[in-house]
Amino acid sequence: MDEMNDPLLSGHRIIRRFDYNARYKRTIGFRRVFSLKKCIVLLIVLCIGSIILFSQYISNTPFTSLMLHKNKRPEPNIRCSVINRPRMPQNHDHKSETRLRSDPKVLVFVETIYSKVGRDIAELLVYNRIKYKVEVFGKSLPVLTNLDKGRYGIIVFEDFNAYLQMDKWNRDLLDKYCREYMVSVIGFINPSEETLVGAQLKGFPLFIHTNLRLKDATLNAASQILRLTRPGETVWGPLPGDDWTIFQLNHSTYEPLEWAHRNEEYHPGQGMIKTPLTTVVEDHGHYDNIQRVIFGSGLKFWLHRLIFLDSLSYLSHGQLSLSLERLILVDIDDIFVGEVGMRLKPNDVKDLIAVQSRIQSMVPGFKFNLGFSGKYFHHGDPEEDKGDDLLLENTDKFMWFSHMWNHIQPHLYENLTLLTEDMMLNKNFAKEKGIPIDSGYSVSPHHSGVYPVHELLYTAWKKVWNIRVTSTEEYPHLRPARLRRGFIHRDIMVLPRQTCGLFTHTMLIERYPGGRDKLDESIQGGELFQTIVYNPINIFMTHMSNYGNDRLALYTFESVIKFLQCWTNIKLRTVPPLQLAETYFKNYPDEVDPVWGNPCGDSRHKKIWSNTKSCDSLPSFLVIGPQKTGTTALYTFLSLHPAITSNIPSRETFEEIQFFNGNNYYKGLDWYMGFFPVESNSTSIYFEKSATYFDGDLVPKRVHALLPSAKLVTILISPAKRAYSWYQHTKAHGDLIANNYSFHQVITASDTAPKPLRDLRNRCLNPGKYSQHLERWLSYFPPQQLHIINGDTLKSNPIEVMEEIQKFLKISPAFNYTAHLRFDPNKGFFCQIINGDKTKCLGKNKGRQYPPMEERSLKLLQRYYLSHNTALVKLLKRIGIRNIPEWLKDDLSDTPT
């Protein structure tokens, strides 16, 4: 039946339609409710996301110091029970009345030059300017004595087991040396894969347990070794590493120097009493008459570094003692330079003064040293400008020094007038605001112009401010910090500056790299603490931003000074910069003379070096002499080469600059580079010839510092003939001594002879000690950078010599000297060919004929140079020269027995 005509089906159809409509309406309603809920949830998610994004945004703005961190500034939390106890007596310096027969130098035995403990030891010795020698442990010992004196006052073994396992011959030899010269031993027990329990050290009544984890180190307050280190407190917490060795003592010769405890969880039934374990032991020498200190771990634990220094002092009978006096100066660079929102407000200034007062109770004379660039005064918001005003209301509470008026780096100035005008603006600002202008100290923005030296800066400093002291972290390089040194240039004393881990962006403790734990690690035994311990004179660089916001500099210095008082007997003081500099160079007179480095070898130096300067204005090779061997002839021949260019002649010394060996060196790098002007599109290489370089004591070091890749050319002839030639040269130039004394009288002059006579004797004899001078050069340069010319061959066959030197210099294509040099029978040597068939020879002073040398003088000189010539043969063979010059063979064969 048709559904449409069936009443039953028709009613069912109506019901189905009604049911469908009801379901449709319910679905629509449900969807509307669901859509509304969905919108609400989405809105909530968007709000939460916005809040998170906004939080992240404001956390990256200066306003966080005001909004989020004002109650989270770190406060010093150094708790020390001994800080107010009596200090050590001043005369506790380990010095004894014993007559010592050894030098104050440390011999360090290492397994390899790359071993970690050995490097740590060497770095610590360098930092404290203690002389030392590193020796890779081998089958034989180095020479330990020099005549009747020992060469070393302390022997250090980075691996004490190497000392224990020495063969009997070497061990007996070393022990005999130690007993006879009162030399002591310091050793470190190195970790090993095998864990030892109760193992006896070979030959000693001493037992060890190895590979332990320890905690809570403390010192033996009764030990006579401790001098720099102050006992009484405990280093709480786990000690670095899980490979510690502890000692069990079985003889009265041993005394604990440091204790610690097992770093283990407490278990019921084990008992509450824990026996302290000996981690560093002193051997008084009662067992075998040799004193020792043995460490159960290396120097990664900061307290061991202090104990090591004290052990050196005690065991050397005070020869290697460090002063307990420390001078400290904290510079605040750019006190007015900073963006709005990061500058000092009145409360920051008040806290600066308050913390300074607290530090003064621990450090006599302490004052923060404020640097200023006047242009940026009152460049903050109203509250920050009030901070500037409050600083000036308290000018007498601080020390002050000048920056630049506009904070521009001085090396960007190429005009002295503009530079001095900038400085005068800053000086006038200081006068107007009542800031002292007579400190004699200044710091250049970003250390620009101090080193590498920008001569205009030094000139302007002297002219405007009468500056006598500055400081930089760039000499000779920023890193490693332990090698920073001072120097004096143009009567301005340049002191090494230290960093404390705070930079211009270091404003908030939560943003400090590594967080507060990392900063506290530096303060409590780490880098900052050790910097002050190792440096008798400390100048720290900080910035204005370190004193606002979370005031991290105040926290840092107050904390580290308290920690120093807790763990050391160091006495800190602050003095004005001029007094600081005078003290520094009194302590380190060897640092008065600068050593000019190559700015192009340091990316930081290139950034603060004038754009008008170029490393192309430096020579590629040097002819170093010695005098009277043919250097002028070689200079002439080299100058003929189209690809080789010599320096511009000097008005005083003609073709020789004589930079590295005399007063010219103090004129600075700019002066030297002025002799090598850069020519556009030139492909030639520069060289210079100064024959006095060869035997200059400081010359190899200076040359290597500036020209480490330079090649060196030297000419050698018979040293006896060279001495005679020099005498005749001075005589021909009217020297009174040479004209009043015979050659034989000169070379036989005694040390009691008049000084002018002794000086001439030395200039005749000393340069001829070829092996001695070459060894000095080879201590800085590899043999591959040294070319030795036989002076006799240069005279007889210069074309051959010039071909060899072109190969050495790797110049291609080679220059054909055959067409440019010809032997001149009238002069007796080769000369330059000009105009086809004519020759141009050296001046009349060259090639001069002298009377023959007396036979007795020749024999005396051959005997005098015998040992030096013998050493020269060995040196030539060692560096790969097999063809021994005929003059050298003759001098050795003709030497009387």
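**Strand pairing**

Author: Leu821 stands opposite Gln832 in E30. The model is predicted, so local features need pLDDT of at least 70 and side-chain atom pairs count only at pLDDT 80 or more, while totals for chains, interfaces and linings use all residues. Residues are numbered from 1 along each chain as its sequence is written, and side-chain values use heavy atoms, with hydrogens and water left out.

E29 and strand E30 (residues 829-834) run antiparallel and are joined by four bridges. Strands here are DSSP runs of E with at least two residues, numbered from the N terminus, and two of them pair if DSSP finds at least two bridges between them. In the order E29-E30-E31, three strands make up an open sheet with antiparallel pairing. Strand E29 (821-824) and strand E31 (838-840) each have a single partner strand and stand at the edges, so one side of each lacks a neighbour in the sheet. From one strand to the next, the twist averages 60 degrees; such angles run from 0 to 180 degrees between N-to-C directions, with axes fitted as lines to C-alpha atoms.

Parallel pairing is found around strand E5 (residues 154-157). Strand E1 (residues 106-110) is joined to E5 by four bridges in parallel, and Leu107 stands opposite Ile155 in E5. E5 also pairs in the parallel sense with strand E6 (residues 184-188) over four bridges, where Ile154 stands opposite Ser184 in E6. Both faces of E5 are covered: Ile154 and Val156 on one side, and Ile155 and Phe157 on the other, are all buried, meaning under 20% relative accessible area (1.4 Å probe, protein chains only).

How values were computed: Buried means under 20% relative accessible area, exposed over 50%, partly exposed in between (1.4 Å probe, protein chains only).
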